[in-house]
Amino acid sequence: MAQLVAHLLCKQGVAGSSPAGSTIVVLPRARGEHWTGVGGAWHHRSMCRNIRPLHNFEPHATSGEVHDAALQFVRKISGMNKPSQANAEAFDRAVAEITHITEHLLDDLVTTAPPKNRDEEAAKAKARSEKRFPRTEPAAVAS
């Protein structure tokens, strides 16, 4: 739970406390890197950028998108991209259960906000990214 809270706080670039009361401090570093401190222990980790918001979009999230988010979540918390044969059943079961409960969550959430357009949101995100991380052309090599 503390890592989930740290991840959410990381997206906000703030410090806070977990529900259990242990202090969490998140320090942004280079692009995609963060140091998190939970209960006095500091851990370096790279941020998982593949899990995207799925609620309140038009068209609605597909089962495939929900499955992909669940797969990324299980990969992140298990620390493995592909499980060993000994862990494959537990890994696949976790993905299936998280997919199932996420679909229920998305069905049950309500909002008064109008649905967002996926293409427009993707274009906005790309513009923000290019503003934050401008691409520089390599310098010409003199001969």
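K124 and E121 are joined by a salt bridge in which the closest N and O atoms lie 3.4 Å apart, a salt bridge being a side-chain nitrogen of Lys or Arg within 4 Å of a carboxyl oxygen of Asp or Glu. Both residues belong to helix α4, where three residues, about one turn of the helix, separate K124 from E121. K124 counts as partly exposed because its relative accessibility is 45%, and E121 is likewise partly exposed, with a relative accessible area of 23%; here buried means under 20% relative accessible area, exposed over 50%, and partly exposed in between, with a 1.4 Å probe and protein chains only.

The model is a predicted one, in which local features need pLDDT of at least 70 and side-chain atom pairs count only at pLDDT 80 or more, while totals for chains, interfaces and linings use all residues. Residues are numbered from 1 along each chain as its sequence is written, and side-chain values use heavy atoms, with hydrogens and water left out.

Helix α4 itself covers residues 118–132, and its 15 residues reach 21 Å from the first C-alpha to the last, close to the 21 Å expected at 1.5 Å a residue, where the expected span is 1.5 Å times one less than the number of residues. Helices (H or I, at least four residues) and strands (E, at least two) are DSSP runs, numbered from the N terminus. At the start of α4, the backbone nitrogen of D119 has a side-chain oxygen of N117 within 2.8 Å.

A search of the whole structure finds three salt bridges. One of them brings together the side chains of E65 and R118, at 3.1 Å from N to O. This pair links distant parts of the chain, since E65 sits in helix α2 (residues 63–78) and R118 in helix α4, 53 residues apart. E65 counts as partly exposed because its relative accessibility is 27%.

Helix α3 (residues 85–108) holds both R93 and E89, which are four residues apart and so separated by about one helical turn. These two residues form a salt bridge, with 3.6 Å between the closest N and O atoms. R93, at 43% relative accessibility, counts as partly exposed, whereas E89, at 60%, counts as exposed.

Elsewhere, I51, F73 and I77 make a nonpolar surface patch of about 260 Å². I51 is placed in the loop between β4 (41–46) and β5 (57–58), and its relative accessibility of 34% is why I51 counts as partly exposed.

How values were computed: Polar contact = N/O pair within 3.5 Å; in protein donor to acceptor, adjacent residues only side chain to side chain. Patch = residues over 30% accessible without salt bridge, like charges linked within 9 Å, V, L, I, M, F, W, Y side chains within 5 Å. Areas by Shrake-Rupley, 256 points an atom, 1.4 Å probe, with all protein chains shown as cover.
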